[in-house]
Amino acid sequence: MILDSIALSRQQVDGDTMIVNLGPSHPTTHGTLRIIMELSGETIVKSTPEMGYLHRGVEKLGESLSYQQFIPLTDRLNYCSSIMNNVGYTHAVEKLLGVEIPTRAQQIRVLMSELARLGDHIVCVGVNAVDIGAFTAFLYIWKQRETIYDLFEMATGQRLHTSFTRIGGLFRDLPEGFVPATERFLPECEAAIDELEKLLTHNPIWHDRTKGIGLISAEDAVNWGYTGPCLRAAGVPQDLRKAQPYLGYETYDFDVPVGTTGDVFDRYLVRVEEMRQSIRIIRQVLARLEPGPVNVDDPKITLPTKDKVYTRMESLIHHFKLIMHGMEMPVGEVYSATEAANGELGFYIVSDGGKNPYRIRVRPPCLPIFSSFHEQVKGFMIADAVAVLGAMNVIAGELDR
Amino acid sequence: MIIEHIDAELPGTVTDRHAFRGDQTIVVAKASFLPLVDFLYREGFQLLVDITAVDWPERDPRFDVVYHWLNLASQERLRVKVAVADGEAMPSLTSRFKTADWFEREVFDLFGIPFEGHPNLTRLLTWQDFPGHALRKDFPLDGGDAFCMEGCTAPYNNGERG
């Protein structure tokens, strides 16, 4: 006992630290990112996050693609909730164009966004629990995520890379059977969230591992550029759906959960409550879903329907012109932000009036959050670093772009 | 609203302004940038949402460094643009906004705009010996050579190519 403590102190005096490399391919990084940790015993003295392993040059590619062609690239940003990226991007282009999409398209976008948020939070909370050792909770909730992907597949034809939105509306209307399937899913999901909470919220081991870990004050969180659940867990009630409503979010009744300490436990609580609020929003959308078009009635933006393209010459020319020459874009610059699962997902588009954007910038919500990693884990254990990393919900596709 | 405040408090700072689709943009000279940031911070623009840049190769000065601020109390957004020439340094905001650290590193990495006073101005997304700056308009889309090793001085193969 005494020998042990002497050995530890000598190690500290000598400055004898050990370098441990976490990632780029590690089960807890959930993507490719690398953290170089300098350890004294098991305490983190210094950690240096390194990123860029998944850098595809999305912004560079966007400069050579037309506005519509960029949509599939947005799927690959936060691949846990790709529909929200689709919505965020098309929303920005619509702001540039100055068009308002039809009510039904707005409602479906809200519906799909909230389903995606649900799925994203399930991934984040479930995987965070797995990393800490609570494997059962993960299994209970994971089935619901599969159902969400089934719903996405039903609506968009794809499970992960949905590419569901189009500029001025949607790729297609919801298929028959989608609404009843969603209605069946909601109570199941609520039950699963209850089970998750039973397993975790009052679990003393979960408390030990998450409370007081990754503490951040509201002031620091703002200074670090936090947005989304991590900022709300720190006590700042900032939610773009309430603060700067878009897609008619002001007409839905929902609450914004806020934490107090910003630690991993608060982030967990905020995310769980947001899942319930998302279900609440989905119920309201389903109740008010009204029939109508899902694309704007503007031939300069919307492609003609396929049956017309195949049968009518004018529509074929119309289709050709829109694809080859692109839309007529105004000259200007816009920044449009939407509340994605991780926080504020912003798109800054500079248009010179050409077919392609002159400059397209993706503001990833998890980049500023991840940049605070070394301050969050300094003085904690490696196992705490894993908990913090999970609660930050760092998605490498979005981080590196 | 904030722009009128800036005009009243720091006259002559705003050299150009426009509003497009509800976004307010001001253009300021580099010399008056830091006092403006101090003023914005005091006025409640404490969330530095984003730092990025736009390359205009035909223009002089060549780059626009673009800052986005959000006022959490009034939910007002402001875009500030500063024009800098190739090789000219921008003052770093890291002492005031911790979030500026990585954003500035990213702009440095992808555009080659240095930030004066940054504690650790190294590349963020590409590796340290990456040749050129990927988001400049004259950087080829395919990266030029397949392995981007042109002009590489890396310790790979003891500094020898091949």
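Me: Which residue just after helix 3 of chain B takes a positive phi?
Reply: B:Gly112, with a phi of about 75°. Helices are DSSP runs of H or I of at least four residues, strands are runs of E of at least two, and both are numbered from the N terminus. The model is predicted: local features need pLDDT of at least 70 and side-chain atom pairs 80 or more, while totals for chains, interfaces and linings use all residues. Residues are numbered from 1 along each chain as its sequence is written, and chains are lettered from A and ligands numbered from 1 in the order written.

Me: Is helix 3 of chain B mostly covered or exposed?
Reply: Mostly covered, with 12 of its 12 residues buried (20 or more other C-beta atoms, placed from the backbone, within 10 Å of a residue's own). B:Trp102 and B:Phe108 are among them.

Me: What do they pack against?
Reply: Helix 15 of chain A, plus strands 3, 4 and 7 of chain B. Contact means C-beta atoms, placed from the backbone, within 7 Å.

Me: How many residues does each chain give to the contact between chains A and B?
Reply: Chain A gives 34 and chain B gives 26. Helix 15 (366-371) is one of the elements on the side of chain A.

Me: Switching to chain A: how do the axes of helix 5 and helix 12 cross?
Reply: At roughly 155°, coming within 9 Å (axes are lines fitted to C-alpha atoms over the stretch in contact, with angles from 0 to 180 degrees between N-to-C directions). That makes helix 5 of chain A roughly antiparallel to helix 12 of chain A (over 145 degrees).

Me: Which residues of helix 5 make that contact?
Reply: Among them are A:Leu111, A:Leu118 and A:Val125.

Notes
Contact = placed C-beta atoms within 7 Å. Parallel < 35°, antiparallel > 145°, perpendicular 65-115°, else oblique.
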